[in-house]
Amino acid sequence: MKAKTNLLTRRPAWKSLASHSKEIKKLHLRELFANDTARGERFTAEAAGLFLDYSKNRITEATLQLLLQLAEESDLRTRIDAMFSGEKINITENRAVLHVALRAPKGATLMVDGKNVVPEVHAVLDKMTSFSNRIRSGEWLGHTGKRIRNIVNIGIGGSDLGPVMAYEALKHYSDRTLNFRFVSNVDGIDFVEATRDLDPAETLFIVSSKTFTTLETMTNAETARAWLLQALGGDKAAVAKHFAAVSTNAAKVSAFGIDTANMFGFWDWVGGRYSMDSAIGLSTMLAIGADHFRAMLDGFHQIDEHFRTAPFERNLPVLLGLLTVWYTDFFDAQTIAVLPYEQYLKRFPAYLQQLTMESNGKHVTLEGKQVTYDTGPIFWGEPGTNGQHSFYQLIHQGTRLIPCDFIAFVHALTPLGRHHDILLANVFAQAEALAFGKTAEEVKAEGTPRWLVPHRVFEGNRPSNLILAERLTPEVLGKLVALYEHSVFTQGTIWNINSFDQWGVELGKALAQRIIPELESPIEPKLSHDSSTNNLIGRYRRLNKPL
């Protein structure tokens with residue numbers, strides 16, 4: 001599909017938003033709510049069990065209509081259809097973008113290059129299910145005849161962040177007789193600490209690398225292989241009983257010693273940061289079981305269909321995406337805080353960092369032209385209420401505008417006295433405090449000394465969304481992830497950038513491959529970097545000589 005060549009900033013809706021934003025900046029949320037007593041009910045949307053309250057945003061009906069107009073002028077509907085139909089919208093890699101196929105029901109049809117890929121997806125799911133059932137039931141035995149009790153996932157980027165996040169998020173549903181560890185960093189500490197207390201005879205490693213060449217992943221995999229063989233007498237046949245692979249490179253997987261019957265593939269139309277519901281999620285299925293994993297896929301699919309079919313004014317991912325554009329480009333907001341009031345979602349903000357910033361951290365348009373507007377805000381966050389005693393000070397009284405996404409659940413998975421009521425009271429209170437603040441008059445009325453009044457004033461007018469669901473289930477986790485996936489797509493479409501490549505991660509990796517032999521060389525290498533890099537390499541070599 002060919003993208004429009006006209007500049008975003010020339011579109012009528014963009015120009016109108018630029019003018020309109022000057023008027024909106026003069027309005028306070030206190031005024032917007034006072035003038036519209038039904039605002040809290042009207043600026044909401046609901047789909048597939050997710051409820052979005054976006055009333056505490058610095059928008060009016062006119063703002064919303066202009067943002068929706070911008071979506072239309074950006075051909076968002078056409079782009080959505082192009083993605084779902086398997087068009088190669090990742091133009092720099094000439095690939096389709098079809099992570100939605102990973103959660104399509106068995107009878108669905110999603111075409112890539114004239115071929116329905118859904119049967120292949122379900123064949124891999126069935127293979128994962130069989131493997132998972134054998135491990136979880138104890139049928140699979142290690143090289144010495146012991147049952148597998150430890151699962152170590154080795155990956156990096158999307159091959160780690162998704163599985164880690166999903167395991168932590170769904171720990172309530174996991175098999176507690178199994179231990180799960182995750183190794184991603186090439187820093188040896190990561191591997192040593194993950195395996196320190198494990199029995200190699202009871203340990204299964206899942207090595208996740210599409211090409212089976214990823215430097216960090218394969219360095220850790222080789223270390224895991226050596227660790228296993230050292231403990232099990234050096235018999236290389238042990239590798240096949242203690243390793244599985246998520247890869248497409250059968251030759252390298254086999255050469256490593258892994259039985260290709262235990263190799264699980266995925267496709268080039270699945271980006272790493274969109275792959276947690278593919279075979280990359282094998283550790284997730286091992287933890288929660290195949291039924292819960294498929295429930296998660298169903299949650300993804302429900303939001304996929306909502307995004308594909310719902311009118312934009314009621315479309316949750318579209319609304320979130322447009323609001324991100326609104327604050328990024330018209331309020332100079334540099335970051336967005338994602339604040340889940342659910343301890344199980346403690347790794348969700350870290351997962352979103354890759355999803356959002358690797359996708360939309362781009363400086364050129366689809367046509368290769370330099371953008372003239374901001375793209376890709378920084379996403380960050382921590383679970384509530386911990387963040388309240390850390391960085392909320394900056395959000396409430398700092399000089400930067402930081403839009404917030406609060407995520408909360410009506411029911412606790414682990415009910416404990418008053419805990420959940422207190423937790424929910426805090427999330428509702430924080431959204432209220434950010435929106436309305438506390439005026440100098442209100443502070444004075446509390447009897448505050450005059451000199452202290454300015455320090456205790458809360459300006460308010462700080463925008464937030466609140467996403468509410470009944471409880472955190474595998475299905476709901478799938479919905480939340482899909483919600484943000486499609487919000488990212490919406491933003492990228494508006495900004496006319498490619499949300500599905502990641503060339504920015506390549507340069508540093510290539511330079512590292514050049515520097516590694518310069519650090520390891522037994523003879524002094526001839527260096528040709530800049531003076532700083534040359535000096536650092538030299539200093540490392542001098543200080544790292546054996547004692």
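Visitor: Leaving aside neighbours within four places in sequence, which residues is Ser208 in contact with?
Guide: This is a predicted model, in which local features need pLDDT of at least 70, side-chain atom pairs count only at pLDDT 80 or more, and totals for chains, interfaces and linings use all residues. Residues are numbered from 1 along each chain as its sequence is written, and side-chain values use heavy atoms, with hydrogens and water left out. Contact means heavy atoms within 4.5 Å. With those neighbours set aside, Ser208 is in contact with Asn153, Ile154, Gly155, Ser159, Thr217, Val246 and Ile280.

Visitor: Is Ser208 buried or exposed?
Guide: Ser208 has its place in strand β7; strands (E, at least two residues) and helices (H or I, at least four) are DSSP runs, numbered from the N terminus. Buried means under 20% relative accessible area, exposed over 50%, and partly exposed in between, with a 1.4 Å probe and protein chains only. The relative accessibility of Ser208 is 2%, so Ser208 counts as buried.

Visitor: What is the order of the strands in the open sheet of 5 strands?
Guide: Two strands pair if DSSP finds at least two bridges between them. The pairing in this open sheet is parallel, and the order is β6-β5-β7-β8-β9.

Visitor: Which are the edge strands?
Guide: An edge strand here pairs on one side only. That applies to β6 (179-183) and β9 (263-264).

Visitor: Which residue of β6 stands opposite Val152?
Guide: Strand β5 (residues 150-154) and β6 pair in the parallel sense over 5 bridges. Asn150 stands opposite Asn179 in β6. The residue of β6 opposite Val152 is Arg181.

Visitor: Which helix lies across β5, β6, β7 and β8?
Guide: Angles run from 0 to 180 degrees between N-to-C directions, with axes fitted to C-alpha atoms, for helices over the stretch in contact. Helix α8 (residues 188-195) lies across β6 and β7 (203-208), at about 170° to β6. The helix across β5, β6, β7 and β8 (243-246) spans residues 215-231, runs at about 160° to β7, and is α9.

Visitor: What kind of aromatic pair do Phe191 and Phe205 form?
Guide: Rings of Phe, Tyr and Trp (its six-membered ring) pair if their centres lie within 6.5 Å; planes under 30 degrees apart count as stacked, over 60 as edge-to-face and the rest as tilted. The structure holds 25 aromatic pairs. For Phe191 and Phe205, the centres are 6.4 Å apart with 15° between the planes, and the pair is stacked.

Visitor: How many residues apart in sequence are the parts that the pair of Phe191 and Phe205 ties together?
Guide: Both Phe191 and Phe205 are buried. Phe191 lies in helix α8 and Phe205 in strand β7, so the parts tied together are apart in sequence by 14 residues.
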